There are 2 protein chains.
Amino acid sequence: MSQDGVDLDKSLAYLLKEASSALRAAMEEVLRPLGMNVTHYACLELLAQRPGLSNSELARGAFVTRQTMNVLLQALEREGDVTRPAEAPVGKVLPTRLTPRGRRRLEKASAAVRSVEVRMLSGLTEPEQAAAFQILQSMIHSLRG
Amino acid sequence: MSQDGVDLDKSLAYLLKEASSALRAAMEEVLRPLGMNVTHYACLELLAQRPGLSNSELARGAFVTRQTMNVLLQALEREGDVTRPAEAPVGKVLPTRLTPRGRRRLEKASAAVRSVEVRMLSGLTEPEQAAAFQILQSMIHSLRG
DNA sequence: AACGCTATGTCAGAATACTGACATGAGTCA
DNA sequence: TGACTCATGTCAGTATTCTGACATAGCGTT
């Protein structure tokens, strides 16, 4: 392998992508035995934190298009993990909610994902984690400004 | 919009994904006028830093499969940005190199990407950037251990 | 009221990346 | 030398996501 101290001049942008990629891979790995993928999980997690979210809001929260989220929601509805009203209570927005079954599946997935996150942070002290939090938020804010 | 202080309990994992997503979007935006995408750019940048990289190595470095990188390399070769020997000098590995044209295209792209990176880091002090570097590397290391 | 503007849900088609599989070459070890 | 393992390049097919487009609903302004 041609690995001759090449990671010395890595940019922060590359490192960010690398970390994100490693995180996603680790999450997919632990979610696969549960029959879920990352987008799957993100959707359920968002619904647990904010019940009644619309398709478009879920899409933005899970970093996919609303078309993609729509097919996922249809599958989740078919499996009985979420429910959506047949008709929109107001406007066109169909508020989605977790079913008890969905909540149970999410619990297992959350535990698995949490273990990954713990592993990711295992080499960092508490203040370092707090620093990471602020640094990432600053990056996000600057990129969107 | 239902934005009621919801980003307070965001996990570091989510923040990492969010930052990575924002970075990618910003990069795609500045690369599009140059007729390139992120994978495109990553490939050329890798070749500039390490001439002679193989298709598989480029794929790993750009976080895609080697099949995907292969079609990209064929396109880049067709456009005259890179060159690959017709036959493998040793084994099956086809070492790829930038052409002068590819190097020129990369220069413009590098400048654009660098401006994005500068913007991303604009809210951080120098020590904070150093901290970010070490934190991300720790995360990557822990996730792969 | 009427007009723009924005956002939503949805349909269809296109683009893109991935999984699976194969033959081949290099390196290792008995 | 021969068997074994691993990595590479490549082919074909599948899956997934995205882009484009449409009708419609809420909101604000005129």
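How many residues does the contact take from chain A and from chain B? The contact takes 52 residues from each of chain A and chain B, where contact means heavy atoms within 4.5 Å.

This is a predicted model, in which local features need pLDDT of at least 70 and side-chain atom pairs count only at pLDDT 80 or more, while totals for chains, interfaces and linings use all residues. Side-chain values use heavy atoms, with hydrogens and water left out.

**Protein interface**

Chain A and chain B bury about 4,900 Å² between them, 68% of it on carbon and sulfur atoms; buried area is the accessible area (1.4 Å probe) that two parts lose on being put together, summed over both. In chain A, the residues that lose the most area to chain B are A:Leu12, A:Phe63 and A:Leu143, together 15% of what that side buries. The rule finds two salt bridges across this interface, each a side-chain nitrogen of Lys or Arg within 4 Å of a carboxyl oxygen of Asp or Glu. One of them joins B:Arg144 and A:Glu18 (3.4 Å, N to O).

**DNA strand C**

Eighteen residues surround DNA strand C, and the closest include A:Ser56, A:Arg66 and B:Lys92; a residue is near the strand if one of its heavy atoms lies within 4 Å of it.

| Residue | Atom of DNA strand C | Distance |
|---|---|---|
| A:Ser56 | phosphate oxygen | 2.6 Å |
| A:Gln67 | base oxygen | 3.4 Å |
| B:Lys92 | base oxygen | 3.3 Å |

Definitions and conventions. Residues are numbered from 1 along each chain as its sequence is written. Chains are lettered from A and ligands numbered from 1 in the order in which they are written. A polar contact is a pair of N or O atoms within 3.5 Å; within protein, one must be able to donate a hydrogen and the other to accept it, and residues adjacent in sequence count only if both atoms are side-chain atoms.
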